[in-house]
Amino acid sequence: AIAMRNCPSWIVAHMAVLKAGEIALNSGQITIALQNAGVIAPTAGLVLAGPALDSIQSSARVFSLLSYSSLDLYGTGSLGSLAAFDSLTLSASSIRGYNTGGGAATLAARNILIDNATNRPALALPAGPLSGTLQFQADQITLGANPVLTGGYNTVGLNAANRVLASGTGSFSTAGDLRMETPLLTAGQSAVHGLTAGGTLTLVRPTGPGAPAVGGLGAKLNLQGLAVRLDSDITLPSGELSVRATDGDVRIGSAGTASINVAGTTRNFLETARYTDGGIVTFTSDTGLVVLGSGGAVNVSAPAGGGHAGTLNVSAQVGSFDFQGSIQGSAGAGRRTGSFTLDTAGVPGGALGVIDAALNAGSFTGSRQYRLRSGNVIVDGSAVSHLYRATADQGSLTVTGTIDASGATGGT
């Protein structure tokens, strides 16, 4: 093993050779020169290039880089592979790309950890237009503690054959698009994490089957981009998921299948079963639509044996809610079933009957609250909910169907 730590400033000679099964390098700043690196800015930190970098790739199974500031990548090409590296740890406040020429830089290992272990603030990102792609390729990608910012790349890809796991309290942000290709996005127990794209945030399903493993209980995950498209699975048992598009649509299951699952779980302790409540899912589009496509499914249910179901919130204050998918908010006898809120400029035809029918079928009978900011509203069909509230900000409200709020103690 080779370990060089607590070295804020040092240089590996261009012709140096580093060979070991485990290599850990720490520096005040780290630069990696890939192919066609071009001109590299002067630095007092560690520079890995040429034979030194080649020798690491040919010998190490476990490779760790910790920068007390940034990790800078110059040029295009690859560092590591699924066959070469068992694990790759990249710890820095910012990961910056230079001289890409529109090409791709790929960092690969069976397991990749990206974090900011020293919790230092991010450095300024490269000036000028975004260019090229940064790809992380692994079986599992773990996003760890504290904020990490990537810049210089038009697109950052998190390609994980099994899962992307958010762990601890932290965030991962990109200056451009963020594209995750994985069968499962999940989080560790009680994690609080955010993934933010300066462009479009996309989650898609890979072609292979993978071996996804669900994370822990009670995690909170925030996803944000100019537009957000979810076409793979997100599972946060008894957790909270917030999805926001700041200048476009939120689309779930519009181009593939997407299961959004924050359902409660059953845990057995000796001969006693314990149950957790369903979680909370919030979809928000600041300027556009929220679309739950035909391939989209949202589950906030509780186990049949106990626990309360959770809540689905939808906000499209200047757009609308296009509801084509399926939802589930069931709970056991005597427990609270699912709740639903909708705050939107309007719904197709101004009628709530189609949405109410889907909520009835999905056992969202605990609470329903509608706010329609423009146009008239018609409560048609049949609605079953212990609490039912509908508001038309600028139009009339007409009830032509039935609202069933009956129960052991009555409803409203």
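This tour moves through the structure stop by stop, saying what to select and what is found there.

The model is predicted, and local features are described only where pLDDT is at least 70, side-chain atom pairs only at pLDDT 80 or more, while totals for chains, interfaces and linings use all residues. Residues are numbered from 1 along each chain as its sequence is written, and side-chain values use heavy atoms, with hydrogens and water left out.

**Stop one: serine 91**

Begin by selecting serine 91, which belongs to strand β8, residues 87–91; strands here are DSSP runs of E with at least two residues, numbered from the N terminus. With a relative accessibility of 5%, serine 91 counts as buried, a word that stands for under 20% relative accessible area, whereas exposed stands for over 50% and partly exposed for what lies in between, using a 1.4 Å probe and protein chains only. Now show the surroundings of serine 91: apart from neighbours within four places in sequence, its contacts are Leu65, Leu66, Ser67, Asp115, Asn116 and Ala117, where contact means heavy atoms within 4.5 Å. Among these, look at alanine 117, whose backbone nitrogen is reached by the side chain of serine 91 at 2.9 Å.

**Stop two: aspartate 233**

Next select aspartate 233, which is in strand β22, residues 233–235. Leaving out residues up to four places away in sequence, aspartate 233 touches Pro183, Leu184, Leu185, Leu203, Arg205, Thr257, Ala258 and Ser259. A polar atom of the aspartate 233 side chain lies 3.0 Å from the backbone nitrogen of serine 259.

**Stop three: a hairpin**

Select strand β26, residues 266–269, together with strand β27, residues 272–275, which run antiparallel and are joined by 4 bridges; two strands pair if DSSP finds at least two bridges between them. Within this pairing, asparagine 268 has alanine 273 in β27 as its bridge partner. The hairpin has 2 residues between its strands, and leucine 270 takes a positive phi near 55° in it.

**Stop four: salt bridges**

Over the whole structure, a search finds 11 salt bridges, each being a side-chain nitrogen of Lys or Arg within 4 Å of a carboxyl oxygen of Asp or Glu. Select arginine 179 and glutamate 181 to see one of them, with the closest N and O atoms 2.8 Å apart. Arginine 179 is partly exposed at 36% relative accessible area, and glutamate 181 is also counted as partly exposed, at 25%.

Then move to arginine 373 and aspartate 343, whose salt bridge brings the closest N and O atoms to 2.7 Å apart. This pair links distant parts of the chain, 30 residues apart, since arginine 373 is in the loop between β34 (367–372) and β35 (377–379) and aspartate 343 is in strand β33, residues 339–346. Aspartate 343 counts as buried because its relative accessibility is 16%. To see salt bridges linked in a network, select Arg61, Asp86, Arg110 and Asp139.

**Last stop: aromatic rings**

Finally, select Phe321, Phe323, Phe340, Tyr370 and Tyr388, which form one aromatic cluster. The count of aromatic pairs comes to 6, where rings of Phe, Tyr and Trp (its six-membered ring) pair if their centres lie within 6.5 Å, and planes under 30 degrees apart count as stacked, over 60 as edge-to-face and the rest as tilted.

Conventions
Polar contact = N/O pair within 3.5 Å; in protein donor to acceptor, adjacent residues only side chain to side chain.
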